[in-house]
Amino acid sequence: KLNILSFEILSFENIFMENSDIYHLYREVLVQLEFGNHQALRPFNLTVHQFDALCILSEKTGVRMGELKDRLLSDNSKMTRTVDYLESNGLAERRPDPIDRRAQVVFLTEAGQQLRNQATVVHTQYLHQKFSALSEGEKNQLVTLLQKMRYAHE
């Protein structure tokens, strides 16, 4: 019985190490992508978070602060700082929500739309260059695996 128990512990440790290795590899690739994206957006004086906010704001006319925060996986203070920056640079504006006066809705300005369009070109070029290392089949496989992990514990 001791040998079986030792084997089970050893197997568990091997699985744990494999999962840990996968996590660290995934994290390293994510950090590389984020750093490259940061470098691509630098000429536009945008952080990745600010660019992502502009992209979400361009999807529809007016987005509530709470929805923006949730979609960016952000906390209240970071979301407020992000919108403050966008607003102070004329890229977005806040307005009271006509349905709920306690809430605010954020709108993309024309300048924000133009900057988002320009930054998107560079962002897309960067992603194309980075993901060109994968074949179409490998990209599809990666998407399938990431979606499986994303929805595994919902």
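Residues are numbered from 1 along each chain as its sequence is written. In this predicted model, local features need pLDDT of at least 70, side-chain atom pairs count only at pLDDT 80 or more, and totals for chains, interfaces and linings use all residues, while side-chain values use heavy atoms, with hydrogens and water left out.

The protein has a secondary structure of 6 helices and 3 strands, where helices (H or I, at least four residues) and strands (E, at least two) are DSSP runs numbered from the N terminus. Read from the N terminus, the order of these elements is α-α-β-α-α-β-β-α-α. Of the 154 residues in the protein, 27% are buried; buried denotes under 20% relative accessible area, exposed over 50%, and partly exposed in between (1.4 Å probe, protein chains only). When contacts between residues at least 6 apart in sequence are considered, 50% join residues at least 24 apart, a contact being heavy atoms within 4.5 Å.

Helix α4 comprises 13 residues, 76-88, and its first and last C-alpha atoms are 18 Å apart, close to the 18 Å expected at 1.5 Å a residue; the expected span is 1.5 Å times one less than the number of residues. The buried residues of this helix are M79, T82, V83 and L86. Viewed down the axis of α4, these buried residues fall within an arc of 90°, so they line one face of the helix; the arc is that of the directions from the helix axis to the C-beta atoms. An α-helix has 3.6 residues a turn, so residues three or four places apart point the same way. R81 and S88 are exposed on the other side of α4. The buried residues of α4 pack against two helices, α2 (48-57) and α3 (65-71), and two strands, β2 (92-96) and β3 (104-108).

Just after α4, G90 adopts a positive phi of about 70°. Beyond its neighbours within four places in sequence, L91 is in contact with L46, L54, L86, F107, L108, T109, A111, G112 and L115. For L91 and L108, which are 17 residues apart along the chain, the C-alpha atoms are separated by 6.2 Å.

Positive phi values also occur in residues other than glycine. N45, in the loop between α1 and α2, has a phi of about 55° and counts as exposed at 56% relative accessibility. L73, in the loop between α3 and α4, has a phi near 50° and counts as exposed at 81% relative accessibility.

The largest pocket has a volume of about 1600 Å³. Of the 33 residues that line this pocket, Y26, L30, L33, F131 and L146 are the closest to its centre. Two or more lining residues come from each of α1 (2-41), α2, α5 (110-131) and α6 (136-150), and α1 gives the largest share, 10 residues. On a 1 Å grid over the protein atoms alone, a pocket is an open set of points where a 1.4 Å probe fits, with protein on both sides within 12 Å along at least five of seven lines, and lining residues have an atom within 4 Å of a point.

Note on methods:
Grid points are joined across faces, edges and corners, and a volume is the space filled by probe spheres set on the points.
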